Amino acid sequence: MNYKIEGGNLPVLLVQLEAGEQMVCEGGSMSWMDDEIEMKTEGGGVGKMFGRMFTGESLFQNRYVANRAGEIAFASSFPGSIRAIEVTPDKPVIAQKSAFLASFGNIDISVFFQKKLKTGVFGGEGFLMQKFSGNGIVFIEIDGSAVEYDIPAGDCKIIDTGYLACMDGTCSIDTRTVKGVKNVLFGGEGLFNTVVNGPGHVVLQTMPIQKTAMAINPYIVTSSN
């Protein structure tokens with residue numbers, strides 16, 4: 001398998017498969033492909049189907065198998081970036097809901113539950129995220145551009161709501177209250193921030209879809225009137 005990502009801020013993942021190789025993606029994610037590639041739709045069990053539904057993905061996944069060498073393409077659903085993340089048995093990856101685009105290899109997708117009530121309610125990422133484990137490559141969608149950091153053990157990164165795209169499974173999420181009444185009332189950052197604790201790698205995104213929707217909403221309301 002060889003791949004390349006093209007398209008700038010409207011990216012597409014182009015994957016060249018050899019005979020017998022296969023890709024898995026969410027239903028509806030395939031954009032175009034060669035005739036040498038065959039599609040198979042599968043659910044993977046009731047538990048996994050509902051787990052995908054709760055994390056914003058489709059109930060069913062599509063498996064694309066190359067009968068002979070050919071190309072398949074997966075376009076991003078939102079202006080931003082596509083990142084290839086390597087997953088190994090000792091390095092699972094946690095990502096925001098709806099991040100999954102496609103995968104190659106033996107990748108298992110499951111639900112990641114926030115264990116702390118305060119983190120789930122106020123952390124900005126919700127109670128449910130996606131967990132990718134196994135051995136292979138997962139391709140995820142990033143809202144806007146991606147900025148990556150390695151957080152050492154004992155250190156952390158303070159993140160505003162919606163800016164966390166994915167992190168290593170070795171990282172943990174917590175919340176931190178913004179200090180100072182003036183900061184809370186007039187700082188524009190709300191009452192809580194998300195805190196990602198190391199050690200591990202973290203990918204942040206510059207244009208969270210929620211904030212983009214809030215920014216353009218006044219113009220949509222104005223134009224509709």
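Predicted model: local features only at pLDDT ≥ 70, side-chain atom pairs only at ≥ 80, totals over all residues.

Me: Which residue forms a salt bridge with E148?

Reply: As a general idea, side chains of opposite charge can pair when their charged atoms come close. Here the partner of E148 is R83, with 3.1 Å between the closest N and O atoms. Since R83 belongs to strand β8 and E148 to strand β12 (residues 146-151), the pair ties together parts that are 65 residues apart in sequence. R83, at 27% relative accessibility, is likewise partly exposed.

Me: How many salt bridges does the structure hold?

Reply: The structure holds 2 salt bridges; one of them joins the side chains of K4 and E6, at 3.5 Å from N to O.

Me: Which residues touch the most other members of the largest nonpolar core?

Reply: In soluble globular proteins, nonpolar side chains tend to be buried together. In this model the largest nonpolar core has 16 residues, and F132, V138, I140 and C166 touch the most other members. Strand β11 (128-143) is among the strands that each supply at least two residues of this core, and its 4 residues are the largest share. Another core, of 15 residues, lies apart from it and includes L17 and F104.

Me: Where is a nonpolar patch found on the surface, and which residues form it?

Reply: I216, Y219 and I220 form such a patch, with about 340 Å² of accessible area together. Y219 is found in helix α4 (residues 209-224) and, at 62% relative accessibility, counts as exposed.

How values were computed. Residues numbered from 1 in each chain as written. Heavy atoms only, no water. Core = buried A, V, L, I, M, F, W, Y, C linked by side-chain atoms within 4.5 Å. Buried < 20%, exposed > 50% of the residue type's maximum accessible area, 1.4 Å probe, protein only. Patch = residues over 30% accessible without salt bridge, like charges linked within 9 Å, V, L, I, M, F, W, Y side chains within 5 Å. Areas by Shrake-Rupley, 256 points an atom, 1.4 Å probe, with all protein chains shown as cover. Salt bridge = Lys/Arg side-chain N within 4 Å of Asp/Glu carboxyl O.
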